[in-house]
Amino acid sequence: MDRDDTKARIDTLIEPFNKKGVAITESTTFAGDLEWDSLTVMDFVAAIEDEFDIIISMNQQAEIETYGQLIDAVTKLRA
């Protein structure tokens, strides 16, 4: 699975979490642009982990601030 495929699947997963209808780009931040609280982040991470059958560690989560970084991290974990 390449980065484009990963992005397409994550694009679908983020839709129900994007309550404010923010235009999602590679530089979209979860805390700033989407205004997600920690519970929303955890729910979204759980959805990604289930979809891709991966584990994103707490340390990795702390380093992921943008949508593009998330796509890169999931792509790397799937490799």
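I began with helix α4: what covers its buried residues includes α1 and α2. I took cover from contacts, that is, heavy atoms within 4.5 Å. Buried here means under 20% relative accessible area, exposed over 50%, and partly exposed in between, with a 1.4 Å probe and protein chains only. The buried residues of α4 are Tyr-67, Gly-68, Leu-70, Ile-71, Ala-73, Val-74 and Thr-75.

I noted the terms of the source. The model is predicted, so local features need pLDDT of at least 70 and side-chain atom pairs count only at pLDDT 80 or more, while totals for chains, interfaces and linings use all residues. Residues are numbered from 1 along each chain as its sequence is written, and side-chain values use heavy atoms, with hydrogens and water left out.

I looked up the length of α4. This helix, residues 67–78, has twelve residues and reaches 17 Å from its first C-alpha to its last, close to the 16 Å expected at 1.5 Å a residue. The expected span is 1.5 Å times one less than the number of residues.

Next I took the whole chain. I found four helices and zero strands; helices (H or I, at least four residues) and strands (E, at least two) are DSSP runs, numbered from the N terminus. The radius of gyration is 11 Å, close to the 12 Å that the globule rule gives for 79 residues, so the chain is as compact as a globular protein of that length. That radius is taken over C-alpha atoms, and the rule is 2.2 Å times the number of residues to the power 0.38. Buried residues make up 34% of the 79.

I then checked two loops. Glu-35 sits in the loop between α1 (3–14) and α2, and has a positive phi of about 55 degrees without being a glycine. Asp-53, in the loop between α2 and α3 (58–63), also is not a glycine and has a positive phi of about 55 degrees. At 71% relative accessibility, Asp-53 counts as exposed.

Last, I looked at the largest pocket. A pocket is an open set of points on a 1 Å grid over the protein atoms alone, where a 1.4 Å probe fits, with protein on both sides within 12 Å along at least five of seven lines; lining residues have an atom within 4 Å of a point. The lining has 13 residues, with Phe-30, Val-41, Val-45, Gln-61 and Ile-64 nearest the centre. Helix α2 (residues 38–52) gives the most to this lining, five residues.
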